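I am opening these notes to keep a plain record of what I looked up in this structure. The entries follow the order in which I went through the chain.

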Amino acid sequence: MALANKATRILCVNCNICVNNLRRYSALGLNTRVTALLCNWVYPQIIDEDDVVCDTCLQLARAAVNETIHGQDSSGNQGTSSLSRPARTDVCLICGCSTARKQRCPIIRSNCTEMQQSIINIIQSRLEPQQISHSSHVCMACWLRTKREVERSSHQDQGRIQPEAANNEQEGQLPMESNELSHSSEVVLPNYKRAANTSNHCVFPNCRTTTLHTISNKLRALVLSNHNYYLPPRARVCYSHLISNTWDTLYEASTSLNTFSIEHIEDVFSFVNTFNPTLDFENLQDMDDRVFEYWMGCSKSQFNELLEDVPQVMEIKRGTLGLAAFLLKMRTGDSDERISSLLQVPRRTLEFLIDKIRDILTQVFVPMHIGINSLTRTELISHGLTIPKGLYGHNNAIVICDGTYIYINKSANYSFQKQTYSLHKYRNLLKPFLIVACDGYIVDCYGPYKATTSDSVIMNNLFRDENCPLRLYFRPNDTFILDRGFRDSITLLEQCGYKPCMPETLLQGHRQLTTAQANRSRCVTICRWVVEVVNGYFKRDFKLLRQEYFHRALPRMMDNFRIAAALINKFGVRLQDNEYAIEMLNIINERLHFANNLANMVDTTNMNRRSANFNNITAEADNIFFPRLEYKELILFAVGTYQIRQAHSYYGEHVRFHGRYVIEVCSESINSSEFNLRGNNTTLIRGKIRSRHISRRQYYVYVLIENNRSGREGIVEYCCSCLVGRRTVGCCAHTMTIVWYLGWARHENNISAPAEFLDSIFIRDDSDNEE
């Protein structure tokens, strides 16, 4: 990024003017020709994603590109006069302030004094790799600030030289001999290199990040051991390079040095012993924080908090190591043999420690954080979010239920094999069952159940007995948010006085849900996604639970699952309300009982089979009117973000099928009063979106817009031929694809089909071309 005196100062990458209070644009988000020209102007400086360009330079670049494209001479060669970099003569190159009315100092000057040359050298080092011309200058404030830095450095050098000179005089040595000794103290190591001993910039070349971090001794020792590269004590690194793990590129960097002083060698001896090629799990607190969190899945403070919650761990021999080994196994899913090699303990000892720790956590830690006995009803109600409370009540408990899967190996036990084979997943698995609060807090988990046991059977087994703990815990009017797999348990839950909420099922003989059914289904799905996120936490944070379980480990599988659930409750981050949750709730309540008049008109006139009344148009930036939307308006229109993420992928499929983004505009006038359509002076747009599941199926999307209104209010009616296409609370992903592109994406410069590189993976045959 362009250089700045302060982290809050943003400079134009081309002219260096400060743009904190000016209009600015991302340099990499512009037209490719404009970006290429900017790269040519600022060469050898490399433009990255943080660089910005001011409005003036952007207009100059666009004008230069247009002149280059259209200003060809009669021989067909493009003119090159517009490609030269425009010079701005009234900007300080360091701070970016205007010097039109300020005193300024040129950087390049003849007959410099030693002080001036030192100042110029520092300025040039700060501006590298930016090139400096004879017209370049800095403001007087930056010049004086650099001068004071040179003076301070000079005083420090004199303070170091004077004691050495006094010692030399006492020993009868000449100053020349002292200088020779100083030069001889530096040695050249052909197989090692080092970074500059400075904290002014990142050790990686061409990095302009101003927020820098110190480098720990363990990391310095690791880099020295693995890459033969020495990082001095004052070396600094930015966060992006710290986590990128590209230390091997430093050895060949142009900024690397191969001269080492006595101080450098002494420093190496001071920290090299801190490096241990094997992880020292016997002294966990001495491990690097990032390394600790990588292997354990928790920070040191969380690990210590876990020890405080379960003091019994400390009472057994090598209990801390056993807890670390258990967390490491849950985190990595590695075999006991590999973990024992890593921890440098015998395998039998490791297995004994892990079994002891698992028993302690199951008996002590899990009951503290999992189960209805660890959570009062008031606490459960407090875990609600704005939208579920607004839809299903503020004073009752709202929970989400669902089953998840743990995949296992095939078995030679045929009875067990049949009971664990899922015809839905076509794999062997066991099913834990979860009850989750609206913010992701896990109320309890049960199981494991057979793969052939449905969710409704599990629910009936949990609530059938009147005196069972769950029936005593939940009260009438408590809400259970479920999926369609619980349809056979709805009757039992209603008999218990609960309010089960489940997406609607298709009526016999119908191809679509009615508008009321689709709206009620959307109210369920906007709350139910939480349990899917929690299921993802188990597989994301604990690799042991996402890989196939071996049969020998199955007896302890559910203990591991419950411990993982307790760890998620203890250290996991609760889900929060969307920033537009209140507005979304108001939209749901407002549109819940809206009729979809446009869908009625499409069905009545059989419009899906009519093509003569529609004209094909390739949608571009300005060739068709459609209200321009902000991203916030897209979220409010869809009442969520899931459909927006799907729209990008549908867009890629749409463009891949047509070659361009093609829509259809109705050429005949629409009688709004006949079908009670909303809006006046309207235009009907139709799009054909291919199904993401069945290649030969496509859905018809209709959007009715009002020509004299802007923003989200300009979209007055919409519908789709898919299962939930008649909903008026939000919209389906197919409708969002049309709205997303016409209202937002076509006005952006960097929209492309996702993962295009995958199109060239397969060897294509004739059937692919026919599609």
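I began with Pro448, which I found in strand β15 (residues 442–449), where strands are DSSP runs of E with at least two residues, helices are runs of H or I with at least four, and both are numbered from the N terminus. The peptide bond that leads from Gly447 to Pro448 is cis, with omega near 5°. For background I noted that most peptide bonds are trans and that most residues other than glycine have a negative phi.

Before going further I wrote down that this is a predicted model, in which local features need pLDDT of at least 70 and side-chain atom pairs count only at pLDDT 80 or more, while totals for chains, interfaces and linings use all residues. Residues are numbered from 1 along each chain as its sequence is written, and side-chain values use heavy atoms, with hydrogens and water left out.

**The chain as a whole**

I looked up the overall make-up and found 28 helices and 22 strands in the protein chain. Of its 771 residues, 45% are buried, where buried means under 20% relative accessible area, exposed means over 50% and partly exposed lies in between, with a 1.4 Å probe and protein chains only. I also checked contacts, meaning heavy atoms within 4.5 Å: among those between residues at least 6 apart in sequence, 69% join residues at least 24 apart.

In helix α6 (residues 217–227) I listed Leu219, Arg220, Ala221, Val223 and Leu224 as the buried residues. These buried residues pack against β8 (229–230), α7 (239–244) and α8 (262–271).

Just after α6 I came to Asn228, whose phi is positive at about 55° although Asn228 is not a glycine. Asn228 sits in the loop between α6 and β8, and its relative accessibility of 28% makes it partly exposed. I then turned to Asn477, also not a glycine, with a positive phi near 75°. Asn477 belongs to the loop between α19 (469–473) and β16 (479–481) and is partly exposed, at a relative accessible area of 47%.

**Nonpolar cores**

Which residues have the most contacts inside the largest nonpolar core? I found that they are Phe538 and Trp740, in a core of 116 residues; such a core is a set of buried Ala, Val, Leu, Ile, Met, Phe, Trp, Tyr and Cys residues joined through side-chain atoms within 4.5 Å. Apart from this core lies another, of 30 residues, which include Ala397, Ile435, Cys468 and Leu482. Going back to Trp740 and leaving aside neighbours within four places in sequence, I noted contacts with Leu634, Ile644, Ala647, His648, Tyr651, Ala745 and Ile751.

**Aromatic pairs**

A search of the whole structure gave me 18 aromatic pairs, where rings of Phe, Tyr and Trp (its six-membered ring) pair if their centres lie within 6.5 Å, with planes under 30 degrees apart counted as stacked, over 60 as edge-to-face and the rest as tilted. One of them is Phe463 with Phe474, a tilted pair because the planes stand at 45°, with the ring centres 6.3 Å apart. This pair links distant parts of the chain, since Phe463 is in helix α18 (residues 455–463) and Phe474 is in the loop between α19 and β16, 11 residues apart. Both Phe463 and Phe474 are buried.

I set beside it the pair of Phe538 and Phe561, which is stacked because the planes are at 5°, with centres 4.3 Å apart. Here Phe538 in helix α21 (residues 515–541) is linked to Phe561 in helix α22 (residues 557–571), 23 residues apart. Phe538 is buried at 1% relative accessibility, and Phe561 is buried at 0%.

**A buried arginine**

My last entry concerns Arg726, in the loop between β22 (715–720) and α27 (733–743). Is Arg726 buried or exposed? With a relative accessible area of 12%, Arg726 is buried. Its side chain makes a polar contact of 2.5 Å with that of Asn600, a polar contact being a pair of N or O atoms within 3.5 Å in which, within protein, one must be able to donate a hydrogen and the other to accept it, and residues adjacent in sequence count only if both atoms are side-chain atoms.
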